[in-house]
Amino acid sequence: MKKLSTYKIHLLIPGIFLIYLCSCSSTKFVGKDQYLLNKVKINIDGTNISKEDILDNIRQTPNVKILGLFKFQLGLYNLSGRDEKKWYNRWFRTIGEEPVVYEDFLTKRSVEQIRLYMKNNGFYNAWVTLIPFIIIRVGRLKSCIR
């Protein structure tokens, strides 16, 4: 019986820690008129070119997800407080990843780079469009490049 209860405690502590990390707001350090870049989606009409080649030309990439589900490094960054004088706030910011804020200039630059890449690879009539999807309620942005 005693071993079973310590086993439950060892499972309970990491579980509470994960719930604590997931409960942090991912837009904590994003400004009022800014948007967190959540996802970049690429649609290609045709099979002659791969998405990986186009992804190399994108200037802004969203924060890294672990197992495709959790933005763990962004969560660590958000655990830090606003006071940079405390050592643990600096430590969380060093090991964490700063939130990627959507910038219109970098997105337009990416569209131009993709257009030039397509033209250099023989696709002279290719066109590239940008469709930003803004979810205003939580301040996140998804962009789609076609």
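Reply: The side chains of Arg 93 and Glu 84 meet in a salt bridge, with 2.9 Å from N to O. The term requires a side-chain nitrogen of Lys or Arg within 4 Å of a carboxyl oxygen of Asp or Glu. This is a predicted model, in which local features need pLDDT of at least 70 and side-chain atom pairs count only at pLDDT 80 or more, while totals for chains, interfaces and linings use all residues. Residues are numbered from 1 along each chain as its sequence is written, and side-chain values use heavy atoms, with hydrogens and water left out.

Arg 93 is buried because its relative accessible area is 18%; the class is set at under 20%, with exposed over 50% and partly exposed in between (1.4 Å probe, protein chains only). By the salt-bridge rule, the count comes to three.

Another of these links Asp 104 with Lys 108, at 3.1 Å from N to O. Both residues belong to helix α5 (residues 104–120), where they stand four residues apart, about one turn of the helix. Helices (H or I, at least four residues) and strands (E, at least two) are DSSP runs numbered from the N terminus. Asp 104 has a relative accessibility of 37% and therefore counts as partly exposed, whereas Lys 108, with a relative accessible area of 51%, is exposed.

Glu 112 and Arg 115 also meet through their side chains in a salt bridge, here at 2.4 Å from N to O. Because they are three residues apart in helix α5, about one helical turn separates Glu 112 from Arg 115. Glu 112 is partly exposed at 40% relative accessibility, and Arg 115 is likewise partly exposed, with a relative accessible area of 32%.

The aromatic rings come next. The structure holds two aromatic pairs. In one of them, Trp 87 and Tyr 88 are arranged edge-to-face, 5.8 Å from centre to centre with 90° between the planes. Rings of Phe, Tyr and Trp (its six-membered ring) pair if their centres lie within 6.5 Å; planes under 30 degrees apart count as stacked, over 60 as edge-to-face and the rest as tilted. Trp 87 counts as exposed at 61% relative accessibility, while Tyr 88 is partly exposed with a relative accessible area of 35%. The rings of Trp 91 and Phe 92 have centres 5.2 Å apart and planes at 50°, so this pair is tilted. Here Trp 91 is partly exposed, at a relative accessible area of 45%, but Phe 92 is buried, at 18%.

Two surface patches complete the picture. Ile 66, Leu 67, Leu 69, Phe 70 and Phe 72 make a nonpolar surface patch of about 530 Å², an area from the Shrake-Rupley method with a 1.4 Å probe, for which only the protein chains shown count as cover for residues. Patch residues have over 30% relative accessible area and no salt bridge; like charges are joined within 9 Å, and nonpolar side chains (Val, Leu, Ile, Met, Phe, Trp, Tyr) within 5 Å. Ile 66 lies in the loop between α2 (51–55) and α3 (72–79) and is partly exposed at 39% relative accessibility.

Lys 39, Lys 41, Lys 51 and Lys 65 gather in a surface patch of positive charge. Lys and Arg count as positive and Asp and Glu as negative, with His and the chain ends not counted; each charge is placed at NZ of Lys, CZ of Arg, CG of Asp or CD of Glu.
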